[in-house]
Amino acid sequence: MSQVRIVEDASQLSWWRRVGAGATRIRFVERARWFWAVSLVVIAVGAAALGIRGLNFGIDFRGGLAWQVSAPTLSVTQARSALAGLPLSGTTVVSLGTGQHRTIEVEADLPTSGARAHALENEVAARLAAAAHQPSSAVAINYVGPTWGSQITDASLKALVAFFVGITLYISLRFEWKMALAALIAVIHDLVVTVGIYALSGFQITPSTVIAVLTVLGYSLYDTIVIFDRIKENVATHVDQAGEMTYSEVVDRSVNQMLARSINTSVVAVIPILSVLVVGAYLLGATTLRNFGLALVVGLTSGAYSSIAIASPILAFLKEREPRYRQLKRRIAARRIAPATEAAGTIDT
């Protein structure tokens, strides 16, 4: 007969098992300034890169040239190797179709104009034709206009504003406006960090990148709302009824209780995206997956971080300024000091 050892003291568990049991006692609110300092450094580096290098917008935003050649046996990696050394910017190589109907399409922007641009255009066609074992005349050259125009940009910005307004109203009605403010600051943090990473890495911004970033906003808010819901439950139990914890302590307990869930869901979400990013983009040469995958990886990681280290501490600082919670904090401090004072007096006598 097997015996099951029941561990009643959480301190006997390993750190990871305590995380899984929600028994850690990490003081997130107390360490909030360190978290914010890290975020400020990342944002400052990204802002510097944005000011110096700017963003690398893809051909859908700025227009450019597209070369297409029938290439049943030419891979994306081989096509990129054939074009290595040419002064092209924003180059994207994709494979279209399968079998005998497979074609390689190259989209890029020429940094020059006039005769030099025409010569470079023909050089790209010649190299693609040689790599695909086709005559130069088999390479189709087309000018691609910016498909992501000002109208789409305006519509996207309006949708983003509507999203912020809608989520603010929902969180304010479901919880309260201070939680809505903390959640919005966390979302803006994720957006700024993602833009900074793109400016720093030089990766292209394509329509798929924009879609990925918008997808990440929902995930970030979902994680934050789940933590806020636990905070609301613990406030009702440990503050409103018992009056035994300060608001900051309730926030710390709630985040510790949800820490394993946040880590697990983030890891589970990031692992398949990393597989797409590494295998698809770097091993198979599908560069469009790279632009899409990077936004998801950065956004999901930043979203998990901001829900724990940005939104929750900001909420604690906002709530601790309310007279009710200031008075509660003083009462709890007085209750905790009294036993220590009595014990010290007993020892003296």
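Biologist: How many residues does helix H5 have, and how far does H5 reach from its first C-alpha to its last?

Modeller: This is a predicted model. Helix H5, residues 115-131, has 17 residues and reaches 24 Å, close to the 24 Å expected at 1.5 Å a residue. His 133 follows H5 and has a positive phi, near 60°.

Biologist: Which residues of H5 are buried?

Modeller: Buried in H5 are Ala 117, Leu 120, Glu 121, Val 124, Ala 125, Leu 128 and Ala 129. These buried residues pack against strand S2 (64-70), helix H4 (76-82), S4 and strand S5 (140-144).

Biologist: In what order do the strands of the open sheet come?

Modeller: The order is S3-S4-S2-S5, with antiparallel pairing among the four strands. S3 (89-96) and S5 are the edge strands, each pairing on one side only. From one strand to the next the twist averages 20°. S2 and S4 pair in the antiparallel sense over six bridges.

Biologist: Why does Glu 107 count as buried?

Modeller: The cut-off for buried is under 20% relative accessible area. Glu 107 counts as buried because its relative accessibility is 18%. Glu 107 sits in strand S4, residues 103-109. Beyond its neighbours within four places in sequence, Glu 107 contacts Ile 59, Leu 65, Ala 66, Gly 90, Thr 91 and Thr 92.

Biologist: Which residues have the most contacts inside the largest nonpolar core?

Modeller: They are Ile 171, Met 179, Phe 228, Ile 231 and Tyr 247, in a core of 56 residues. Helices H6 (150-174), H7 (177-201), H8 (207-241), H9 (247-283), H10 (287-320) and H11 (323-348) each supply at least two residues of this core. H8 gives the most, with 13 residues. Another core, of 23 residues, lies apart from it and includes Val 76, Ile 104, Ala 125 and Leu 128.

Biologist: What does Phe 228 touch?

Modeller: Not counting residues up to four places away in sequence, Phe 228 touches Phe 175, Met 179, Ala 182, Ala 183, Ala 311, Ser 312 and Leu 315.

Biologist: Which residues does the UniProt annotation "transmembrane region" cover?

Modeller: The unreviewed UniProt entry gives residues 34-52, 155-173, 180-199, 205-222, 263-286 and 292-318. In the model, residues 155-173 are 100% helix and 0% strand, with end C-alpha atoms 27 Å apart. Residues 180-199 are 100% helix and 0% strand, with end C-alpha atoms 29 Å apart.

Key:
Residues numbered from 1 in each chain as written. Predicted model: local features only at pLDDT ≥ 70, side-chain atom pairs only at ≥ 80, totals over all residues. Heavy atoms only, no water. Core = buried A, V, L, I, M, F, W, Y, C linked by side-chain atoms within 4.5 Å. Buried < 20%, exposed > 50% of the residue type's maximum accessible area, 1.4 Å probe, protein only. Contact = heavy atoms within 4.5 Å. UniProt positions renumbered as here; feature names shortened; annotations may be inferred. Expected span 1.5 Å × (residues − 1). Pairing = 2+ DSSP bridges. Axes fitted to C-alpha atoms, helices over the stretch in contact; angles between N-to-C directions.
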